[in-house]
Amino acid sequence: EFVSAECQADKDIVMSAVKQDSDALKFAAEALLANPEIVLTAMRQDPSVLVLADALQSDPNFIMTALNKRLCKLEDVPASLWSNRDFALAAVQRYGSAFQMCGAEVRGDRDVAMAAVSRH
């Protein structure tokens, strides 16, 4: 909060800060809020800091990584991703209960439905 803009944009400084306190992410430069490594590090302490990382909230690969590391829950996944067939299929293959989160069109997809059935 009280450091220069240059320090707020320094990846090493911000990484060190979020390792100590996830709230430090609030003061990171915008560009670093799109850095998956920094955001995942902060999420290990407090998963709710994901709300600060607008760019990553809709990134299917980032969200799947967060799910796999148990840094977020299925119900925390943005609704837009549940309409993304590829994301939904991968989620259902790993977590059968994810099927209920999928959008109607995705639930009608044969591969997604088969993945859900095979998980139960």
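Reader: Quick one on Arg70: is Arg70 buried or exposed?
Author: Arg70 is exposed in this predicted model, and its relative accessible area is 64%.

Reader: And where is Arg70 found?
Author: Arg70 sits in the loop between α5 and α6. Its phi is worth a look too: Arg70 is not a glycine, yet its phi is positive, about 60°.

Reader: Nice. Changing topic, how many helices and strands are there?
Author: The protein chain has nine helices and zero strands. Its C-alpha atoms fill a box of roughly 55 × 20 × 15 Å along the principal axes.

Reader: Which residues touch the most other members in the largest nonpolar core?
Author: That core has 39 residues, and the ones touching the most other members are Leu25, Met43, Phe62, Ile63, Leu67, Trp82 and Phe87. Two or more residues each come from α2 (11–20), α3 (36–45), α5, α6, α7 and α9.

Reader: Let's follow up on Met43. What is Met43 in contact with, leaving aside neighbours within four places in sequence?
Author: With those set aside, Met43 contacts Val49, Leu50, Phe62, Ala66, Leu71 and Cys72.

Reader: And in α7, which residues are buried?
Author: In α7, which spans residues 85–94, the buried ones are Phe87, Ala88, Leu89, Ala91 and Val92. Their cover includes α5 (60–68), α6 (79–82), α8 (104–107) and α9 (110–119).

Reader: What happens at the start of α7?
Author: There, a side-chain oxygen of Asn84 comes to within 3.0 Å of the backbone nitrogen of Asp86.

Note on methods
Residues numbered from 1 in each chain as written. Predicted model: local features only at pLDDT ≥ 70, side-chain atom pairs only at ≥ 80, totals over all residues. Heavy atoms only, no water. Buried < 20%, exposed > 50% of the residue type's maximum accessible area, 1.4 Å probe, protein only. Helix = DSSP H or I, 4+ residues; strand = E, 2+ residues; numbered from the N terminus. Contact = heavy atoms within 4.5 Å. Polar contact = N/O pair within 3.5 Å; in protein donor to acceptor, adjacent residues only side chain to side chain. Core = buried A, V, L, I, M, F, W, Y, C linked by side-chain atoms within 4.5 Å.
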